[in-house]
Amino acid sequence: MAAESSSTNQVRVMLWSPPRCLSTVFQKCMSYVDGIQIINEPYQSAGANNPEIMKQLTEGQGQESFNKFMATAEQQELIGNLQEVGWDDSVCTTAWVKNLLEGQFPGKKVVFAKDLMFGIRGQFHMIPKGYKHTFIIRNPTKMTISLRKNAEIMFPAPEGQQFSLRMLPPLFKECYQPLLQLIEYLKENKEQTGDPIIIDADDLQNHPASIVRQYCDAVGIPYNDSLLEWPAGNECVKKNWLVSKMMLQGDRIIGYYAAAFASTKFLPSKPLPPENEIPADVVEVAKLEEPFYKKLYDMRIKP
């Protein structure tokens, strides 16, 4: 059932992000909004069932490494608060996600979905109706340093070789241009009017009260200073998240949600490492991302 038929007072928000941009810790913050339903990375999950997306995600040396990672993830046992949550990824297609997001969420004041762009590229027509679309970005060098750490686990170098981002499919090195394309799509198809709602991770860390308040005001979520601190741990996942089992299983290997689950508030951002300590492959990717990031950065909500 479409979103338009749900309560007219219910706020629905999508947060789109490149990888490693503090989107999960921001989502954890939003988890403590009264009456909220969180939906975590559904299109990203659906991408695993899309042959074209998987081809882009694993082309070249990535196929064998990714298959090994998925096989290992499937064997991970979810423990504690996570045993009883998560959808079965075998049913998760792009159409299934669209129906989920446009469905009814009775008793919820806010529906908040966070996702990456990998699973929706080339399929913008499958974006749900009835949502305000928002974006979080991060300095490309900081993003790429963090991405490199995770990618090295998921796509390890062949024996005898040193890992490099150059080994990864282009999809992993094209994170910001798709956000601009989505913004243009939303504008052209009158899916959203007004200025894009964009927040930057450094602003969020250094000026959390200002950024969270402005973000909430922009999308219609009630703001309260209590949103600036929350309990450590993943109790919020069981409380009000819908999330892929495979995502949670993969997190047990890589720990891509570990820092967010451990967090209790937004910490001040750290400076970049000295230039001579940044790997050359990180510099290359960040340089490619910089022009697109700059366009988004200029449109952001400012502290």
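Helices (H or I, at least four residues) and strands (E, at least two) are taken as DSSP runs and numbered from the N terminus. On this basis the protein contains 13 helices and 6 strands. The structure is a predicted model, in which local features need pLDDT of at least 70, side-chain atom pairs count only at pLDDT 80 or more, and totals for chains, interfaces and linings use all residues. Residues are numbered from 1 along each chain as its sequence is written, and side-chain values use heavy atoms, with hydrogens and water left out.

Of the 303 residues in the protein, 55% are buried, where buried means under 20% relative accessible area, exposed over 50%, and partly exposed in between (1.4 Å probe, protein chains only). The accessible surface of the protein amounts to about 14,100 Å², and 51% of this surface belongs to carbon and sulfur atoms. These areas come from the Shrake-Rupley method with a 1.4 Å probe, and for residues only the protein chains shown count as cover. Contact is defined as heavy atoms within 4.5 Å. Among the contacts in the protein with a separation of 6 or more, 87% are accounted for by residues 24 or more positions apart.

The strands form an open sheet of 6 strands in the order 5-4-1-3-2-6, with parallel pairing; two strands pair if DSSP finds at least two bridges between them. Strand 5 (197-200) and strand 6 (241-243) stand at the edges with a single partner strand each, so one side of each lacks a neighbour in the sheet. On average, neighbouring strands of this sheet are turned by 20° against each other, direction ignored. Axes are lines fitted to C-alpha atoms, for helices over the stretch in contact, and angles run from 0 to 180 degrees between N-to-C directions.

Strand 1 (residues 11-17) is joined to strand 3 (residues 110-116) by 7 bridges, and the two run parallel. In this pairing Trp16 stands opposite Asp115, and Ser17 stands opposite Leu116. Strand 1 also pairs with strand 4 (residues 132-137) in the parallel sense, over 4 bridges, with Leu15 opposite Thr134. Because 7 of the 7 residues of strand 1 are buried, this strand is largely enclosed by the rest of the structure. In a regular strand the side chains alternate between the two faces of the sheet. In strand 1, Val11, Val13, Leu15 and Ser17 point one way, whereas Arg12, Met14 and Trp16 point the other way. Helix 5 (residues 94-102) lies across strand 1, strand 2 (36-40), strand 3 and strand 6, and runs at about 140° to strand 1.

Towards the edge formed by strand 5, strand 4 and strand 5 run parallel and are joined by 4 bridges. Phe135 stands opposite Ile198 in strand 5. Ile197 and Ile199 point one way from strand 5, Ile198 and Asp200 point the other way, and all are buried.

Two packed helices are described by the angle between their axes and the distance between the axes. The axes of helix 7 (residues 177-188) and helix 13 (residues 280-298) come within 8 Å and cross at roughly 45°. Helix 7 and helix 13 are therefore oblique to each other; angles under 35 degrees count as roughly parallel, over 145 as roughly antiparallel, 65 to 115 as roughly perpendicular and the rest as oblique. Helix 7 contributes Gln177, Leu179, Leu180 and Ile183 to the contact, and helix 13 contributes Phe292, Lys295 and Leu296. The residues of this contact divide into 5 nonpolar, 1 polar and 1 charged, with Ala, Val, Leu, Ile, Met, Phe, Trp, Tyr, Cys and Pro counted as nonpolar, Asp, Glu, Lys and Arg as charged, and the others, Gly among them, as polar.

Cys216 is located in helix 9 (residues 208-219) and is buried, with a relative accessible area of 0%. Leaving aside neighbours within four places in sequence, Cys216 is in contact with Met30, Ile221, Tyr223 and Leu227. Met30 lies 186 residues from Cys216 along the chain, and their C-alpha atoms are separated by 9.4 Å.

Most residues other than glycine have a negative phi, and most peptide bonds are trans. Leu22, in the loop between strand 1 and helix 1 (23-30), has a positive phi near 70° and is buried, with a relative accessible area of 18%. Lys190, in the loop between helix 7 and strand 5, has a positive phi of about 55° and is exposed, with a relative accessible area of 71%.
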